Structure formats: structure tokens, C-alpha cells
Amino acid sequence: MSDPIKKVCVIGAGTMGAGIAAQVANAGIPVLLLDIVRDPADRNAVAAGAVAKMLKTEPAPFMSKAAAKLVEVGNIEDDLARVAECDWIVEAIVERLDLKQQLYTKLEAVRRPGTAVSSNTSTIPLDHLTEGRSEAFARDFLITHFFNPPRYMRLLEIVSGPASDAALVARVSDFADRTLGKTIVVAKDTPGFIANRVGTFWIQAALNAAFELGLTVEEADAIAGKPMGVPKTGVFGLVDLVGIDLMPHLQKSLTETLPKDDPYQAISTIPPLIGTMIADGYTGRKGKGGFYRLNREAGKRKEAIDLTTGAYRPVITPQSLPGAAAKGDLGALLAVPGTTGAYAWAILGQTLSYAAGLVPEAADDIVSIDTAMKLGYNWNFGPFELIDKIGAATLAKRLADEGKPVPAILTLAGERSFYRVENGVRQHLGLDGDYHDVVRPEGVLLLADIKLISKPLVKTASAALWDIGDGVAALEFTGKMNALDGEVMALIGKAIPIVTEKFKALVVYNEGKSFSAGANLGLALFALNIAAWGEIEKLVAGGQEAYKALKYAPFPVVSAPFGMALGGGCEILLNSDAVQAHAESYIGLVECGVGLIPGWGGCGEMLDRWRSNPAMPKGPMPAVAKVFETVSTATVSKSAAEAKELGFLRPSDGITMNRDRLLADAKAKALALAEGYQPPEPPVFRLPGASGRVALEMAVKGFQARGLATDYDGVVSGFLADVLTGGEADLVDTVTEADLLALERKGFAKLVRDGRTQARIEAILETGKPLRN
Amino acid sequence: MQVYDAPLRDMRFVLNELHQDDGFGGIPALEEFTPDLTDAVLEEAARFSREVLAPINRSGDEEGCQFENGVVRTPEGFKEAYKQFAEGGWTSLASDPEWGGQGLPEAVSKLVEEMSCSANLSFGLYPGLSHGAAVAIEGHASEDLKRAYLPKLVSGEWSGTMCLTESHCGTDLGLLRTRAVPQEDGSYRVTGSKIFISAGEHDLTENIIHLVLARLPDAPKGVKGISLFLVPKYLPKDDGSIGPSNGVACGAIEHKMGLKASATCQMNFDDSVGWLVGEPNKGMAAMFTMMNAERVSVGIQGLGVGEAAYQAAVYYAKDRLQGRSLSGVKNADGPADPIIVHPDVRRMLMTMRAYNEGCRAIAGWVSRALDAEKHSSDPEVRQRAADFTALMTPVVKALFTDLGHESAHLAVQCYGGHGYIRESGVEQYARDARIAMIYEGTNGIQALDLVGRKIGAHTGRYLRSFFHPVSAFIEENSGEGPMKPMIDGLARAFGALQLSTATIAQRGLADPEEAGAAASDYLRLLGLVAMAYCYARATKIAGLKLLFGTEEKAFYDAKIKTATFFYERILPQTASLFLQIKAGKKSMMALDQDAF
């Protein structure tokens, strides 16, 4: 792989272009963002405006302020020649072939030969784009189709042409994979590529069927949502989210480019109601409302549109589906009598057979189609995985019984499934009728694959220990939401002697939705509701003991968070020797939000790392104040990069951009530490005691006076201040780690008995929102 | 022999001494009801029970209700007694002053209820059902309906019923068939047959207001398609007087094991005019408002009968001379000693006494919560009180009626052969008490309500209202001292309860049958711990009274002795209950159905 990509140019600073530029910058790569000149006096205004807007957008396109600084703005009139500085040029201007071709003409004159040029088009075929270009340009050209928003959507469809240079395509793909963190799906040069083609068909089929069968939008979404393993918004909710006005555009571009006999042509009518809605400004959440709206005049009442009359009315919760059907048994869902089963069939029958017909037209294999739908449309299962749930033969039979065409690949599958596990390896059915291993990209290690070929070394109800090879063990949380409880701590206790004896290092890792949102609050609340104070104290003390045992174990521990790592999920990182974090890691000590304080050693660990930060002023107070500020406000990082700024990660901790590469990176880090590993020495602190506590309490009083903190916030942060300042200690005393742990336990025990803490915990469990009492 | 005299001293103890620091605080709205005032009410209620209600208890049982040509005649004396009852203002005691009620705290009115249940359980049902109907109407009906019906229900001029059960469905109301068809004027026409309708038809009041569960034409299947309707026997005219008959007819009355003076009717509604109470298809919610209030009242019935049975047993145990005391002659002048000298008779009497005083103490606590839930000015207190009543309602209903029934049978046992003879009057208690374990949701259903709906609600928040005060009390009173054995016993039983609660919550999540298998034992366990807590508090209060001197030494001394008996001879059952719960469902469900 010659010439790594060291600088990127993105042309077109719309939502997609700017978002792509931001993600390049998030990876630490300098990027030049160009757009047209609209204001002669402020020639870079368009690109600069896009960056400024991104700094205010939520969810944030940038992972850190430092990343934003890596974006240099310019315009295509003055700065186009600077593409020669760049190793990859991404074109993301408006979807007009003539304008794109004009730009390419200019680019051809200024770009360095061998610099990759890609278009982010979602609709224009590659052969049209390269029409009239030089052979050299065509060799360096490809389509890189990102999904919106580029930071958060993991899918990248890559389309290359017959003239494309394979090595160059591989270089861009590798960069997009490792550096930008995207999962690459190779698509063919067909309209809509893969995800949008299946996705648009699916949405259209679901909308049409709802109108035809006379379902309400709520009924439709209750069927075409969770039960099918697609986002619970369902289809109407999804269209509201992306914008109803986008529908006619997608529909137009597909009908214009797809062959006349493509099944999409037959269903691609926009229902008149949707036309009216768009014309009246009801374009979804960004407009006056969509299929759903919040009626603010009626006290934020949630309303839905009546598909027959077009009038809004209060949302009616549909009747719940029978158990199995609601829980993802597609056979049961299709068998529900009446409109429910009919609607499910209308969607699945059409969409799955359409998707099945796209191999080999749009993709070489079924895995690409499944991956595209899972990562591009957030389906839990791809079309072929869904077919396996129904049964390929069952689906084929029903299609045939209804006189509908049966896709060749369904016939090929016959009584077989599209996926199987053979000798511990996941395999997919190929077009040759044989099964082939599902090949992971090089350097990708997944616990899911390890689980297929091995059994846990030891497990409890909430955690398991796995051998992940090369002398490294992995500790996985397995409880609901990866919540931490006594069973996790018990596993840590069992794991330590095993790892000590048989392994070089331990990685803390899992493949749930999030690393861990912290202690099992439901369990804790129930325990404290029945006044089982002893159990609560045991949970706190047991967690401290387990985490410290990990910290001082004779082997290195590397934690590998992704998604949320909150409360106790953050404290295990703090007690690890090192962290390898996915870039999308949201880390924080959020205990104060539920009326508690960190109880598993988080206070001491945070103090220890802030006091050793060379940027801190001298004396015991600055580190205390810094930790107090972060923890008392329950601050959560919005990325791994920000977690470094907040001190939850050390400067030396690693960040992995691609989620699938996290385990391999963490394992490598653990092995690197294992050589000559010495456990850390327990820290000893000098803390300010009562005088420091008074200073912190004054600060909280200031917040309270300004209405930024409640009375009870003051009580809770008072206990936090007590721990961080060392309790009864003063500067002449030394405070040990054990002293701080004892202070944590003491504060925790007092707080759990307070009705206001109980109310906060209950609120977060029942509403998901913090209670400010 | 039926000798009932209200236990006023213990009632005043519960009302004025036992629960003063229960955390529900003073309730400003109820401050006008001073002990002087409530004492007068209790005295008068005691007199009324003794002089008016008790004398027609046995005669009512012998005579029963008569059914002829669609008309139900209550036994001799009931009509006159009811007239006095209504005129004396007893029907309106706890009702809202807005509708002519006296707004007396539940803490007082529940004591009055206990008295009427002791004196004459059959009689108590008539006004009791009216009160339940009034509660549902007040909570859910339109203003027009409230204005038209509440004043007369509250005054006792009219009476009420609740019509749920049909011949094919009792516990599972989702199956019910009575239908209601909407009319253009906003009313409904209700058609269907109901059974087991207490006070469905009688001659005590000029009109009877039925609250009927029925289905609308387009209603969903099951319990989510049930609506509640108000259907009067006679349609009132605009001036409130009685108008035309409304197609409501009694088809027959049931021939029952007990409670014979209460008319249990089969009711037929034939295109009867009715009005919706609450929202369409939300009838169960409206009915449950009434049901929850009624369930506490049914618990009080159990206590009432238990108290009456105890008094009858004490009377006989002192009066009946048989054998000699094991520790030597006690009644040298007589041919034999009174049977109260025998340990086994003592066992029975003390058990009954401990049950009654324990239940009364719990009832007092729950009643205070009912008052706080309604009247406290602090929303946090209202919430906690509501949590507590939600938790304790099934416990009061099932525990009190189980124990009341047990007491009634113990009384029969004390009487020996005479207890089995009708003239003794005690077998009536055993028959009357039996129904309270069944109606308003069988005690098995109460236990399921507790483990299924109450334990897990809001991650155990209802439990907090009970577990925290008990835990705090144990912590505050731990250490050396005269209370030590009792606090140790309470702590042990409470620990068993905590562990059982956690076990059921955990197992029940994975397997609801586990929760179902543990339910009845768990309800009893929780009830006994609640009783133990009340007894420990009572003992502490009594101990301080005796320490600092009191003119009522006998009362407080007896309280401590009863409490000690409870701790030594009844509370140990919690250990057994714990083991039963721990055993799980396995042996309960193991036998193949065909093997039965």
C-alpha cells in the first residue's frame, strides 16, 4: 500500500461534504474544504459558514475542538490548485452531472496524477461521471458513497469502474476503513447502489401498503418497526425523520435510472396525501410536522395524521401484537390474521424478494446487501438474514402460490438457509450454490466469531471470560444493557487467578449496544426500597474490591469502551492500566445525576490522574477542583477525543476509529504492556480537607444562587467534596487510596437512604431523564 | 352467645396513640376532628351497634331474606334499623361534605365499620355497598350524575350496588357479556344478567343505584373493552323524586352458607337506561377505585367478625365450668373451674385476641394513609400514602379475612359441642366470615395482586413505604434494653421478608409461576411482619406509659402481654413461611394433571 493518505480535499461544503471533511479531521488528518464563491468580499464564506454551523450542530459532526482546527476552508476559484497538496479529493457538490463534469475538467488540470478522486454521488452512474475524462483520470476515479451523518453512519459504499486502478481503490478503502472507521461495502455501478435502492423500495412498499390496507400510521409503524428488527420509528416515523420532501427526489432519481421492468417502477407512486403534505410545509420533523407531530397548542400532545382524511388527531396506541410476533418471530408475525399479517407480508414479501433479486446485479454477494442495510438503514438484520428467519423455502412457496416471480437465489437456496455456521465458522450461500466463509477484513477480530468456536473459560449471570488467543483473555459483560452488578464483580474475582495462571493480559470488552451504562440501578433501587442496606453496602464494597484487584493484578488490563461507558462502566476504565477506546465513546461519571457519588474508586483515580497532569498548577487544590467540576456536573464526553480532554482517558490511551477493529487494537495494546509488566504502586495523596471543602461548597452555592443547581445538588456534591478533599484530613496528613474508598462508601451509604436520591433513581429508570429535585 | 360490646379502649389506642409518628404527619384538613369529638362518635357508634344492630344479628340469620314475586324482603327489624342508621347520619360518616357527608377521617370511620361488622355483618353490607358506589361515582362520573345521585346515596335515602359477576365469569371479567348500546341523547341501554349482586334488591331504600360493568358494541375483547354504567332501579325525575321503573329486575336470591340477612341477587337488566361512568372501555379502572376501597372494608369485616367471635368465646370460657386447672383448683366453690384456666383454651383466646388487636393496629395505620392520601398538603406525603395503601390493600383484605375466619372457628372450638349448635350463636360467625375470604377478589387473587402488581411497581417503590419505617424502627430501637427480644424477633422476621421479597422479584421475572406459587405465603409473611411492627410500637408506647405512671395500668399491661404472646407464639410462623417461599413452585406443580 504505497503513498498513505496524509491530506484530503473535500469539494462541496453541503451537509454531506462538510460532514465528510469533519470525519477526516476527526481522524486527525488535515482537510481542505472548498466551495463556490458566493460573496466576492468574503470568498470562503460558504465553506467557512459550513464549518461554523457544524460547531453548533447536535449531534456534533466534530469529535473535538482540535479536530475542527484541522479543517482549512477555501473556494474553488482561488484554491483549486491546492488539491495538488492532497492525496484524495472527495467531490460532494450538487447532484448535477454537468456541474460535476465541469469540476472534473478543472480538477484534471490541477491534480497530481495518482491522487484519488471520488464522488459522493448517490444517484449518478460512474460511467456517466467519467465520460470524456482522460484515461489517467478514469484510472484514479471511484465513487465513495457516505451516509448521513458521515460521522455516525458506519456504511461506506464504494463503486469502482472498469478503468479504476485496483491499488488506488484499495488505498482509499483501507483509509476509509482504518482511518475514517467506515465499513466498506463494494457495490456495483447500478442506480441507487445497494442501501438506497433497497431502502427506497422498502419505504415505498410500506407506505403504499398502509394506504391500501387502511392502517393507521401507528398501526403500520408498530408492525414495520421493532417486530421486524428495524428502528422502532417504523417507516412513517423514519420518513418524518429524514424529511418527507426527500421522497419525491429519491423516487424520481430511481425511476429515471432504473430499467423499465424493475419492480420498483410498478410501486413508485407518491400517494396524493404526501404531495399535499409537502406542498403545505408538513415535511417531517424539520417542517411543521409530518405523519406525526407534537401539537404545542394542545399542550405538546402527540398527534398522528389520518391517512384517509389528512387531518391530525391524538396518537392512538395500537393493540399490541401477540407475544412471539412482537418479539421478532417473523413467521408468527406473518401468521397474525387480518390486516397485521397482511401488512407484514406486503412489506416483507415485496422487499425481501426485491433485495434477493439484486445479487449479482447490485452486489457480488448477499453479505454486502445485508451489511449495507444494517449499517445504512440501521436494520438489526439484513434482508437475507430476515429471509432465514422466515425460511427461504417458505418465502419462495408463498410467492409462487400467489403467482409472483421467485428470485433465482431463493430457488437456488431451496430448503437451505442463506447463512450457516460450519465448524465454528459463519458461512454464506454463494451464487455457485456452495457455502463460503464470511471473511472478515484483515485485522478485524470479533468476539462474536470467537464465541462460535469456543466456550467461556468461566461465566456468571452477568459476565463471561473468553480466550481470544495469543495469551490474552477478554472479560465480557453479558447482563441486560451490560449493567454491572455483584455477578460481574464475582466474575472478576474468578477471572483474576485464571488470567494470572494462564494468560499474559486481560481485555475488558463486549459487543453489546454500549460498553456499559454503569451499575444495575434497577437492582440497586429495589434493594434500597426494601431497605436492604447491607446488600447495597456489599455491592459498593464488592465493586471497589474487584476493581482494585484488577488494578493490582499481576497482568495488564486494557479496557476497550465504545458507546456509553458511564458510572461504574467508566470506573473500570479508570482502574485499567490502559484504554483502547472506540472514537464514539461517551464516557462520564454520572452518579451525581442520580443523587449518588462514584463508589467504585472513581474519585481517587480521577484525582490521581489530574494531579499528575503537567498542565495543572501546583498545590493540592487544582486537581480537586477540576475533578469536582467534572463529576459534580455529571459531565459525559461526546467522543473519545473529548474524554481525553476531560481526563477520563489518559493521553497515552488509544483511539480506534473502526468499531470492528477495537478488539484487535485493544489486544495488541495489552500484549505490548505485558512485556515486563509491573503492577502500579498505590497512590498516596495530600488533600486540602475542610478548607478545600468549604471552597467547593461556596462554588456550588454560587450555582444555586444562579438557579443552576438545586438544593439537593448541593447535598450530593457536598458528599463528593468530602471524598475529594480527603474528609477529615488536612494538608499535613497523607491520605491513602483505601481512605478515599472508605470515604466513597460512607457518602454512598448516606445518599442511598435519602428519599430524593431514591426519587432520582426511579425517574431515570422510568423516564430515562434525570430528575432535578 | 353473642355478647358484642365495642372494644373502645383499644380503638382509641389505635386512633390516638399508636400511629402518631407514622410519617404521614398532621393533616390540617382533619384537625377539627379532635379526640373529644371522635370519642363521642365512637361511643355513639358502640351504643348503636350494641343496642340496634347486634340484637337482630341472630334473628336475621334464622329468618333470612325472602324473595317473592320479584320483591326481596329483609328480615324483621332490618328496615327499622336501617332507618335509624340513616337518620343517625351513619351512612354519610366518611363522605365528602360537598355531597352532604360529614367528612370524618377514614381512621375513625373504619373503626365504626368494624363495630357494625362485629354486631351484624349482613346489615353492614347494605350501607357498605352504597358507600362504595358513591366513591366510584365521585371519582369518575360526570358532574350531572354526581349532582343527581350522590346526595341521596350519601344520606342513605338510596342505596347502591356493584354489578360485576355474571354466571360464567367472576374473577376473569374479560369474559363478560352484558352489553350497552349508546342512544342519541347520550344515555345507554343496558341489557344482561348479573349474579351474586349483594343488596341488588331489598326493601330498605326507595331506590337502588346499580353500577354495572358492560360492553359497548364496538368494544375490544377482554378487560380493555369493559365500561362502567350507572343504572337506577327507578329513573329519578328532575325534582329528584322516584320516576318510572327502569327494567331492572331481581330474578332470584341465592341460598347461602351464611350472611343470610344480606340479599344476594340475580339481577336482570332489560334495555335499562344507564349512563356512562368515566371513559368508554375504562370501566375496570373506575371499578377498581371502588374495589380498592371495598377491599379494605372487606378486610374490616374479617376483623369485625373475629372480634365478635373472640368476645363470645371469652364469655363462654369464663362461664363454662369443666374440669380443674392443671396447676390446682381455681374455683373451689364451684363444681369445676371455668375452662379459661386451661392452657389450650388460653391458646385459642390469646390467638384470637392477638389477631384482632394486630389487625386493628394495621387497619389504623392504613386508614391514616387513606386520609393522608386524600388530604395531606404535602405531595410527597400523598404519594407515599398512596403507595402504602396500594401495597397494603390486598394484605388487609386477605390477612384480616383469613384470620377472622380462623378466629370464628376457634370460637366454635372453645364452645365445644355447643358451638356446633345454632343456638350458641358462634357457628353463625364461622359461616358469615367465610364469604369475606372469597368476595371482592378471592384471597388468592389478593396475593397475586400483591406479588404481581404491587411488589414490582416502580421498581419496588410501594414497598419503600412499609420497609423503610420498619427498618428505621429496628435501627432506632436496637441495643440492650427491655425491648431487645422483641426487636430481635422483628429484625429476624423482617430479614426473612426482605429476602423473600428479593427472591420473589428475581424468580418472578424469569418465571411468573414462581411468583404465583409464593404469593399466598408471601402475603401472610408481610402481614405478620406488619403486625409485629405494630406490636413492637405498641409495646414501646405501653412500656413508657407504665414507666412514667398511668391510671390505665391494666390496659397497657395487657397490651404488652398480648404483644409478647404474638411474638412468641405467632410470629415464628414467619420462619416457616420463609422456607415455604424458598422452596419455590416445584413440588406444587410437579404432579401431572392426570394424576389428580
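Q: What helices and strands does chain A have, and why is chain A called as compact as a globular protein of its length?
A: In this predicted model, chain A has 33 helices and 25 strands. Its radius of gyration is 28 Å, and the globule rule gives 28 Å for 773 residues, so chain A is as compact as a globular protein of that length. The C-alpha trace of chain A spans about 85 × 65 × 60 Å along its principal axes.

Q: What makes chain B, with its helices and strands, as compact as a globular protein of its length?
A: Chain B has 18 helices and 11 strands. For 596 residues the globule rule gives 25 Å; the radius of gyration of chain B is 24 Å, close to that value, so the description applies to chain B. Along its principal axes, the C-alpha trace of chain B spans about 80 × 60 × 60 Å.

Q: Which residues have the most contacts inside the largest nonpolar core?
A: That core has 447 residues, and those with the most contacts inside it are Leu33(A), Val507(A), Phe229(B), Ala313(B) and Ala411(B). Helix H15 of chain B, residues 512–548, gives the most to this core, with 19 residues. Leaving aside residues up to four places away in sequence, Ala411(B) touches Ala309(B), Tyr310(B), Ala312(B), Ala313(B), Gly419(B), Val426(B) and Tyr429(B).

Q: Why are H10(B) and H15(B) called roughly perpendicular?
A: Helix H10 of chain B, residues 379–415, packs against H15(B) at an angle of about 95 degrees, with the axes 10 Å apart. Angles of 65 to 115 degrees count as roughly perpendicular, and the two helices are therefore described in that way. Pro394(B), Val395(B), Ala398(B) and Leu399(B) of H10(B) meet Leu523(B), Arg524(B), Leu526(B), Gly527(B) and Ala530(B) of H15(B). By class, the residues of this contact are 7 nonpolar, 1 polar and 1 charged.

Q: How many residues of chain A are in contact with chain B, and which elements give two or more of them?
A: Contact requires C-beta atoms within 7 Å; 12 residues of chain A are in contact with 14 residues of chain B. On the side of chain A, helix H23 (521–529) and helix H33 (755–767) are the elements that give two or more residues. That side has 6 nonpolar, 4 polar and 2 charged residues.

Technical notes: Residues are numbered from 1 along each chain as its sequence is written. Chains are lettered from A and ligands numbered from 1 in the order in which they are written. This is a predicted model: local features need pLDDT of at least 70, side-chain atom pairs count only at pLDDT 80 or more; totals for chains, interfaces and linings use all residues. A nonpolar core is a set of buried Ala, Val, Leu, Ile, Met, Phe, Trp, Tyr and Cys residues joined through C-beta atoms within 7 Å. A residue is buried if 20 or more other C-beta atoms lie within 10 Å of its own, exposed if 12 or fewer, and partly exposed in between; C-beta atoms are placed from the backbone. Helices (H or I, at least four residues) and strands (E, at least two) are DSSP runs, numbered from the N terminus. Ala, Val, Leu, Ile, Met, Phe, Trp, Tyr, Cys and Pro count as nonpolar, Asp, Glu, Lys and Arg as charged, and the others, Gly among them, as polar. Axes are lines fitted to C-alpha atoms, for helices over the stretch in contact, and angles run from 0 to 180 degrees between N-to-C directions. Angles under 35 degrees count as roughly parallel, over 145 as roughly antiparallel, 65 to 115 as roughly perpendicular and the rest as oblique. The radius of gyration is taken over C-alpha atoms; the globule rule is 2.2 Å times the number of residues to the power 0.38.
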